[in-house]
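Morning, everyone. Please have the viewer open.

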Amino acid sequence: AALAARLRAPAWLRLAAAAALPLLSLIVTVKGESAAAFAFAVLGPLSMASLIPLSLCLAALVTGRSGRRAAAPAGLAPVLGLLGLLLYPAAIGLGPVDPYGWGFRGWELPALLALAAGFGMLRGAVLLPVWIGLSVAAWEAGLYGSRNLWDYLIDPVAWAAAVLFLGYRLVAAGRAALRR
């Protein structure tokens, strides 16, 4: 959807391009099941950190507006990068604490989220409290069947995208500094 939104083409062609990949993921098989079902089995449901940028890309695609609106989630990249560094190494046994357990119980994760949402509101970063609010609402509704708040906040796809985005920005800043 993000690539299709950036195409300089008529709206119908952008929509067709955006629809092609999901359709192909249903047709192409991996180990006897569709690529979409295989990806879901491996990754699980996407968190709000993935669904919000995808929704913004689709909105840009449908409205025909530039991809700048779709790039708005770039402000979440540092937060997602830090959350992933806190969560994923501990998930494989590195470190003395288990932050994944905070998603089931305790005050640590809700306190961290309240601070982050408040900081986002004070800084005018509207997307941060929206992301946290939608994640908590989906968690309270039991949308995925998981009772762990982490599953609604972040997923490996969102974390990898954030790390790649931050790496790209770091390299671009380094190149700009070298040119100066």
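Ground rules. This is a predicted model: local features need pLDDT of at least 70, side-chain atom pairs count only at pLDDT 80 or more, and totals for chains, interfaces and linings use all residues. Residues are numbered from 1 along each chain as its sequence is written, and side-chain values use heavy atoms, with hydrogens and water left out.

Layout. The protein has 9 helices and 2 strands; these are DSSP runs, H or I of at least four residues for helices, E of at least two for strands, numbered from the N terminus. The order is α-α-β-β-α-α-α-α-α-α-α. The C-alpha trace spans about 55 × 50 × 30 Å along its principal axes.

Now the pair. Helix α5, residues 77-91, packs with helix α9, residues 156-179, at about 125 degrees, axes 8 Å apart. Axes are lines fitted to C-alpha atoms over the stretch in contact, and angles run from 0 to 180 degrees between N-to-C directions.

Who touches whom? Contact means heavy atoms within 4.5 Å. In α5, the residues include Leu 80, Leu 85 and Tyr 88; in α9, they include Trp 159, Phe 165 and Leu 166.

Last, α9. Its 24 residues should span 34 Å at 1.5 Å a residue, and the end C-alpha atoms are 34 Å apart, so the two agree. The expected span is 1.5 Å times one less than the number of residues.
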